[in-house]
Amino acid sequence: MSVSVKTYPYGPLGANMYAVFSDTAFIVIDPCVEPSRIQTDLIPEAVFITHGHFDHIACVDMWKKKYPDVPVYIHGEDMVCLSSSRDNLSYDFGYPFTSSVEASNMDEAKGKSFCDGNLHFDFIHTPGHSKGSSCIVFTNSEDKFMFTGDMLFAGSVGRTDFCGSNTDSMKNSINTLKGISEDYLIYPGHGPSTTLQRELDSNPFFY
């Protein structure tokens, strides 16, 4: 059964929300645009958050309100970002934002399958941009998707000058991705898609 990925850009900071569709369900990654942007009668199976910065969680309450039974997953290190405008950085940008959503730790979804059982979920903890920054991975026999949030972009990596960021952790996370032998189609938190192999070959932060 085929799956497809669609990108939904968010407002002034240009964050990307993604939806992975099968024939009967879909998954949301980084819920930063309203549910109404997705024109479908399907019900999401889960909402995943790559990291807790406000431009990636801006509409998580709307998603939970529309689909109250759908689980929201985030890494435990970034759980505090949902309820703290300082930790999610919105306070520093002048419009404090907090969420009332009770999310689940991403560990709880590890090893599960989604989209009619067609996509196996895993994640790689890649701190640096934030403490809980994680690359979300979905694979099957044909597809290898990695949603990297603000850890990895086409030609660049995420900033490490925010509260909760750490340059040494980012270097370690880069080395983690450099150690992956398989290629992945990369969907970053901002900007165009790329591939892991392309970044290993040409991203200056990987030299």
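Modeller: A charge sits over a ring if NZ of Lys or CZ of Arg is within 6 Å of the ring centre and within 35 degrees of the ring normal. The model is predicted.

Colleague: Which lysine lies over the face of phenylalanine 123?

Modeller: The distance from the ring centre of phenylalanine 123 is 4.8 Å here. Phenylalanine 123 also belongs to a cluster linked by ring pairs, with Tyr18 and Tyr187 among the other members. The residue over its face is lysine 110.

Colleague: How many aromatic pairs are there?

Modeller: Rings of Phe, Tyr and Trp pair if their centres lie within 6.5 Å. By this rule the count is 18.

Colleague: What is the angle between the planes of phenylalanine 114 and phenylalanine 138?

Modeller: The two ring centres are 6.3 Å apart. Planes over 60 degrees apart count as edge-to-face, and this pair is edge-to-face. The angle between the planes is 90 degrees.

Colleague: Which strands does that pair link?

Modeller: The two residues are 24 residues apart, and the pair links distant parts of the chain. Both phenylalanine 114 and phenylalanine 138 are buried. Phenylalanine 114 is in strand E7 (residues 113-114) and phenylalanine 138 in strand E9 (residues 134-139).

Colleague: How is the pair of phenylalanine 121 and phenylalanine 138 classed?

Modeller: The centres of phenylalanine 121 and phenylalanine 138 are 5.6 Å apart, with 50 degrees between the planes. Phenylalanine 121 lies in strand E8 (residues 119-125) and phenylalanine 138 in strand E9, so the pair ties together parts 17 residues apart in sequence. Phenylalanine 121 counts as buried because its relative accessibility is 0%. The class of the pair is tilted.

Colleague: Which charged residue lines the largest cavity?

Modeller: The search of the whole structure finds one cavity of 30 Å³ or more, and about 40 Å³ of space lies in the largest cavity. Strand E4 (43-48) and helix H2 (60-66) each give at least two residues to the lining. The classes are six nonpolar, no polar and one charged. The lining is Pro44, Val47, Trp63, Tyr67, Val70, Val72 and the charged residue, Lys64.

Colleague: How much space lies in the largest pocket?

Modeller: The largest pocket is lined by 13 residues, and those closest to its centre are Asp55, Phe93, Asp150, Phe162 and His190. By class, the lining has six nonpolar, four polar and three charged residues. The space in this pocket is about 200 Å³.

Colleague: Is threonine 195 buried or exposed?

Modeller: Threonine 195 is in strand E14 (residues 194-195). A polar atom of its side chain lies 3.1 Å from the backbone nitrogen of arginine 198. The cut-off for buried is under 20% relative accessible area. At 18% relative accessibility, threonine 195 therefore counts as buried.

Colleague: What is the distance in space between leucine 152 and cysteine 135?

Modeller: Leucine 152 is found in strand E11 (residues 152-153), and the residue is buried at a relative accessible area of 0%. Leucine 152 and cysteine 135 are 17 residues apart in sequence. C-alpha to C-alpha, the distance is 8.8 Å.

Note on methods: Residues are numbered from 1 along each chain as its sequence is written. This is a predicted model: local features need pLDDT of at least 70, side-chain atom pairs count only at pLDDT 80 or more; totals for chains, interfaces and linings use all residues. Side-chain values use heavy atoms; hydrogens and water are left out. On a 1 Å grid over the protein atoms alone, a cavity is a set of points where a 1.4 Å probe fits but cannot get out, and a pocket is an open set with protein on both sides within 12 Å along at least five of seven lines; lining residues have an atom within 4 Å of a point. Grid points are joined across faces, edges and corners, and a volume is the space filled by probe spheres set on the points. Helices (H or I, at least four residues) and strands (E, at least two) are DSSP runs, numbered from the N terminus. Rings of Phe, Tyr and Trp (its six-membered ring) pair if their centres lie within 6.5 Å; planes under 30 degrees apart count as stacked, over 60 as edge-to-face and the rest as tilted. Buried means under 20% relative accessible area, exposed over 50%, partly exposed in between (1.4 Å probe, protein chains only). A polar contact is a pair of N or O atoms within 3.5 Å; within protein, one must be able to donate a hydrogen and the other to accept it, and residues adjacent in sequence count only if both atoms are side-chain atoms.
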